[in-house]
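Let's take a quick tour of a protein model, one topic at a time. Keep the 3D view open and follow along.

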There are 2 protein chains.
Amino acid sequence: MKVYIEPIGKLINEFSKLPGVGAKTAQRFAYKIINMTDSEAKDFADAIVNVKSKVKYCSICGNYAEEDVCDVCKSRSSDTICVVKEPKDVIAIEKLNEYNGVYHVLHGTISPLDGIGPNDINIKGLLKRISESDVKEVIMATNPDVEGEATAMYITGLIKPLGVKVSRLAHGIPVGTDLEYADEVSLARAFVDRKIL
Amino acid sequence: MKVYIEPIGKLINEFSKLPGVGAKTAQRFAYKIINMTDSEAKDFADAIVNVKSKVKYCSICGNYAEEDVCDVCKSRSSDTICVVKEPKDVIAIEKLNEYNGVYHVLHGTISPLDGIGPNDINIKGLLKRISESDVKEVIMATNPDVEGEATAMYITGLIKPLGVKVSRLAHGIPVGTDLEYADEVSLARAFVDRKIL
């Protein structure tokens, strides 16, 4: 005899596809859904379907958008372009309320080991934007890992000859950390990139 | 400017209703959905809707069922009834593959502080089952907390005069624990309920 009746087993199976969700957690989630009202469960299901049908990619920057062009590209000056790996990086930066320029989402980073070359990510779109409008600065905000650094270097090599200022997010020790506990690589970078006061 | 576009914000909001899911986790779940194929997302949404429309409660035992009577009540002898608080307790016991009788789900425990009295949980159904069929033993498997104990006591008081054997799950130190780390209440119960070898 199977332990779960079929609709419950199926829902648990779906929930366990989510990142970091194991069998026990998926079971808890399923019970939560069972104990929701019909309309709450329907709203939940609708939110999933809608996110697939309504979310597109901005034709300019590649970020998530409800229309052809995203709100950021519509409303801000394109003087400065911040280049990121994924749409979620845009959200992380937007949450700061610090940056007022536009973005360019690469949808990946160069990673020869995974067979991802420069033509597999959205670099062409970036070059096109730079050639077509008056961009003053490009901020490379790819992750500070091997692939992110390599991608930033590669793109810098393409953009610099066009006379555009290219910058990279600062690396160093995180604010609030004890030097004692800072990782060695970050500490070393903090020394190299030290600021004259 | 809002950080998330509306369909994504809505989905994150839905996910954060799940137990133990905060803003960051809900965001991760939402990204996972966005990166699913349309049909995968549809399957997910359907599983949620189906669990609400297809899952009913067994008219005999109160467990989850797809039809009017659950598979357990249909296929097993009702000599022994195991009384539990919630349908998920049935699943926990079924996973053991140890118990071969039927269940009775109370859908709650007596808890005067929360305003839940004996008439608010499914005790009447249990008495009816006992009076109508030849039940030999009732196993009280409510949780070993104050409400669970009180409920077990209360039901025992009602059933015992009917001449039915009533038992309670054994309490004691969990298998595999060091005595040193066992909680005091369980250790005390293990002494009181010690078994003659």
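On one side of helix 3 of chain A, A:D38 and A:S53 are exposed. Keep in mind that this is a predicted model. Turn to the other side of that helix, and then to the sheet and the rings.

**Helix 3 of chain A**
- Helix 3 of chain A runs over residues 38-54, so count 17 residues. From its first C-alpha to its last it reaches 23 Å, close to the 24 Å expected at 1.5 Å a residue.
- Which residues of this helix are buried? They are A:A41, A:F44, A:A45, A:A47, A:I48, A:V51 and A:K52.
- What do the buried residues of helix 3 of chain A pack against? Their partners are helix 2 (23-34) of chain A, plus helix 1 (6-15), helix 2 (23-34) and helix 3 (38-54) of chain B.

**The sheet in chain B**
- Chain B has an open sheet of four strands in the order 4-3-5-6, with parallel pairing.
- Strand 4 (102-105) and strand 6 (165-168) of chain B are at the edges with a single partner strand each, so one side of each has no neighbour in the sheet.
- From one strand to the next, the twist averages 25°.
- Strand 5 (residues 137-140) and strand 6 of chain B pair in the parallel sense over four bridges, and B:M140 stands opposite B:R168 in strand 6.
- Helix 5 (residues 87-94) of chain B packs on the sheet and touches strand 3 (80-84) and strand 4 of chain B. Its direction makes about 155° with that of strand 4.
- Helix 6 (residues 123-132) of chain B also packs on the sheet, touching strand 3, strand 4 and strand 5 of chain B; its direction makes about 150° with that of strand 4.

**Aromatic rings**
- How many aromatic pairs turn up over all chains? A search of the whole structure finds 11.
- A:Y31 and B:Y64 are stacked, at 6.3 Å centre to centre and 25° between the planes.
- A:Y31 lies in helix 2 of chain A and B:Y64 in strand 2 (residues 64-65) of chain B, so this pair joins two chains. Both A:Y31 and B:Y64 are buried.
- B:Y99 and B:Y103 make an edge-to-face pair, because their ring centres are 5.2 Å apart and their planes are at 65°.
- B:Y99 counts as buried at 14% relative accessibility, and B:Y103 counts as buried at 1%.
- One aromatic cluster is formed by A:F15, A:F29, A:F44, B:F15, B:F29 and B:F44.

Notes:
Residues are numbered from 1 along each chain as its sequence is written. Chains are lettered from A and ligands numbered from 1 in the order in which they are written. This is a predicted model: local features need pLDDT of at least 70, side-chain atom pairs count only at pLDDT 80 or more; totals for chains, interfaces and linings use all residues. Side-chain values use heavy atoms; hydrogens and water are left out. The expected span of a helix is 1.5 Å times one less than its number of residues. Buried means under 20% relative accessible area, exposed over 50%, partly exposed in between (1.4 Å probe, protein chains only). Contact means heavy atoms within 4.5 Å. Two strands pair if DSSP finds at least two bridges between them. Axes are lines fitted to C-alpha atoms, for helices over the stretch in contact, and angles run from 0 to 180 degrees between N-to-C directions. Rings of Phe, Tyr and Trp (its six-membered ring) pair if their centres lie within 6.5 Å; planes under 30 degrees apart count as stacked, over 60 as edge-to-face and the rest as tilted.
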